[in-house]
Amino acid sequence: PVWYYLMPSLQAMTAKMSFALLQGLGVPAFRQGHYISIPSGRFEIAEYCAGLRYLMAAISMGVFFAWQHLSGFRQQLKFVLLVVVVAIVANWLRVVVVMVAGHLSEMQSPLVADHATMGWLMFAGFMFPVFWFGGRWPDKQTQTPGTVIHHAAVLVGNGKEQKAAQIPWLLMLLMPLALLLGPLLVSQYSRTTERAPDPVVWSLLPDRLGVWQKASAKPQWQPEFHGASHEWLARYDHADKELNLLVVYYTGQQQGSEIVYALNSPYNRKRWRLVSSQHRLIPFSEGDGRSVYEVTLQAGYRNRLITYWYDVDGQVVDSRVQTKLLELKRLLQGETGTALLAVAIDFTDRAVARQQIDTFLGMAYPQLRQWLNAIDGR
């Protein structure tokens with residue numbers, strides 16, 4: 001889902017530009033991150049208000065229109081860029097219209113409650129003149145796909161015309177095979193995810209991990225994982241030390257409900273600010289160092305360190321790409337199930353926090369490994 005990586009940038013851009021436009025219109029406003037406050041109320045520029053849907057629709061239509069009506073790569077690129085700019089600006093204006101309507105009506109305007117429909121109407125209104133203008137550009141494509149194929153076959157020369165003519169027949173033979181590949185994989189995937197989990201196995205995290213005792217207090221942790229089959233979260237204490245453990249498990253995955261997903265995160269991205277991220281080695285057992293992912297977060301005066309990794313077929317993986325490849329391998333073998341494990345701790349000294357996480361995992365990981373093996377049925 002490459003498009004979702006644009007969402008934070010579009011979200012920040014929309015918040016800044018809509019705030020600037022409000023100031024230009026003379027509306028009293030105060031911005032704090034993605035939140036904009038006016039005298040009548042408070043608005044949040046949420047992820048789905050960033051304009052990603054309008055941008056994707058505009059690019060799709062713009063590319064198709066340019067391919068059909070414009071010849072020359074430069075002309076086509078200029079038109080697509082024009083469509084992109086108009087779609088982004090249209091979303092800024094949509095947000096401003098909603099805020100101004102809320103300001104003038106004391107938040108009673110129907111536009112405040114149902115701004116999605118109004119957004120698509122505005123998008124269509126902005127796109128219509130753009131495509132009308134694109135249709136009147138003098139540089140039109142006059143060749144049809146049939147003439148292009150004919151010219152390509154003639155230009156080959158040296159007795160290769162017949163070979164070029166056979167290419168469509170080869171594509172016609174390969175296309176059904178390619179179309180069948182997807183349903184076959186889905187069928188295999190569906191058979192492997194029909195197994196009902198043992199209710200005894202799907203229990204809470206262990207009450208004790210080494211010398212660490214699970215506390216009754218609820219951890220102050222809000223991870224974001226969409227469509228997870230199971231999610232376990234607990235706090236563990238030892239002496240005067242405490243930390244939080246998270247285990248997220250996906251029995252079967254589908255689009256939008258998968259462990260490697262752009263919108264998934266081991267922390268609440270609206271609350272915490274990412275300070276740094278890196279890979280580092282952790283000794284899960286004596287002489288056995290594993291590479292994991294580490295992020296440092298900040299929210300006000302609080303600092304938090306999170307160490308996490310993916311568990312695929314008993315392997316500790318700190319790469320999203322490698323996780324996807326291993327999941328594909330397991331899928332073809334008729335096996336499913338992937339987990340993410342994370343340990344979080346609030347700190348004043350990051351070096352001390354790292355040492356505490358290392359000590360905890362050195363004691364707890366063997367037991368966690370047995371617990372995950374039982375879930376996977378190994």
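**Exercise 1.** Work out whether W371 is buried or exposed in this predicted model.

*Solution.* Start with the cut-off: buried means under 20% relative accessible area. W371 has 12% relative accessibility, so W371 counts as buried. Now try W232: at 7% relative accessibility, W232 counts as buried too.

**Exercise 2.** Classify the ring pair formed by W232 and W371, then say where each residue sits.

*Solution.* Begin with the two things you need: a pair of aromatic rings is described by the distance of the centres and the angle of the planes. The centres of W232 and W371 are 4.8 Å apart, which is within the 6.5 Å limit for a pair. Their planes stand at 75 degrees, and over 60 counts as edge-to-face, so that's the label here. Next, place the residues: W232 is in strand 6 (residues 230-238), while W371 is in helix 9 (residues 350-376). The pair links distant parts of the chain, 139 residues apart.

**Exercise 3.** A search of the whole structure finds 12 aromatic pairs. Take F79 and F131, and decide how their rings are arranged and which helices they tie together.

*Solution.* The ring centres of F79 and F131 lie 5.6 Å apart with the planes at 65 degrees, so this pair is edge-to-face. F79 belongs to helix 3 (residues 73-104) and F131 to helix 5 (residues 115-135), so the pair ties together parts that are 52 residues apart in sequence. Finally, check burial: F79 is buried at a relative accessible area of 0%, and F131 counts as buried at 17% relative accessibility.

How values were computed: Residues are numbered from 1 along each chain as its sequence is written. This is a predicted model: local features need pLDDT of at least 70, side-chain atom pairs count only at pLDDT 80 or more; totals for chains, interfaces and linings use all residues. Side-chain values use heavy atoms; hydrogens and water are left out. Rings of Phe, Tyr and Trp (its six-membered ring) pair if their centres lie within 6.5 Å; planes under 30 degrees apart count as stacked, over 60 as edge-to-face and the rest as tilted. Helices (H or I, at least four residues) and strands (E, at least two) are DSSP runs, numbered from the N terminus. Buried means under 20% relative accessible area, exposed over 50%, partly exposed in between (1.4 Å probe, protein chains only).
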